[in-house]
Amino acid sequence: MPRKERYQEPGHYHIINRGVERRSIYLEPEDYEFFLDLLLKLTKEYEITIHAFCLMTNHYHLLFKKRGVSHHFETFLNFSFLLLFCYNHSKP
């Protein structure tokens, strides 16, 4: 029997982002701090209301509400964190 379709309020989103091969995406406490600072900055810039979040070692969950239909928030959050992660943790 198929699962019931999930109820979703208009404008509310749940996103998950996981590391490649389920590898850690936060290797140091500073990685968590940068992500949270970036998230705070973007919530103001994109008029996002965060209802809940969970940062785990290899992924994160965000439950939020946003005005409009722009997907730039998620893209900018993930890309900015990726750039910092690669800069800080890439091998020379």
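Asn58 counts as buried because its relative accessibility is 15%, where buried denotes under 20% relative accessible area, exposed over 50%, and partly exposed the range in between (1.4 Å probe, protein chains only). The model is a predicted one, in which local features need pLDDT of at least 70 and side-chain atom pairs count only at pLDDT 80 or more, while totals for chains, interfaces and linings use all residues. Residues are numbered from 1 along each chain as its sequence is written, and side-chain values use heavy atoms, with hydrogens and water left out.

Asn58 is located in the loop between E2 and E3; helices (H or I, at least four residues) and strands (E, at least two) are DSSP runs numbered from the N terminus. Its side chain makes a polar contact of 2.7 Å with the side chain of His59. A polar contact is a pair of N or O atoms within 3.5 Å; within protein, one atom must be able to donate a hydrogen and the other to accept it, and residues adjacent in sequence count only if both atoms are side-chain atoms. A polar atom of the Asn58 side chain also lies 3.3 Å from the backbone oxygen of Arg22. With neighbours within four places in sequence left aside, Asn58 is in contact (heavy atoms within 4.5 Å) with Asn17, Arg18, Gly19, Arg22, Arg23, Ser24 and Ile25.

Arg22 itself belongs to the loop between E1 and H1 and is classed as exposed because its relative accessibility is 58%. Glu21 is placed in the loop between strand E1 (12-18) and H1, and its relative accessible area of 66% is the reason it is termed exposed. Most residues other than glycine have a negative phi. Phi of Glu21, however, is positive, near 55°, and Arg22, although not a glycine, has a positive phi of about 60°.

Lys66 is part of strand E3 (residues 59-66). The side chains of Lys66 and Glu74 are joined by a polar contact of 3.3 Å. Residues up to four places away in sequence excluded, Lys66 touches Gly11, Tyr13, Glu47, Ile48, His71 and Glu74.

The largest nonpolar core contains 15 residues, and those with the most contacts inside it are Tyr26, Phe35, Tyr60, Leu62, Phe73 and Leu77. Such a core is a set of buried Ala, Val, Leu, Ile, Met, Phe, Trp, Tyr and Cys residues joined through side-chain atoms within 4.5 Å. At least two residues of this core come from each of helix H1 (29-45), strand E2 (48-55), E3 and helix H2 (72-89). H1 gives the largest share, four residues. Leu77 touches Phe35, Leu38, Leu39, Leu42, Tyr60 and Leu62, again without residues up to four places away in sequence.

The C-alpha trace spans about 50 × 40 × 20 Å along its principal axes. Of the 92 residues in the protein chain, 25% are buried. Among contacts with a separation of 6 or more, 63% involve residues 24 or more positions apart.
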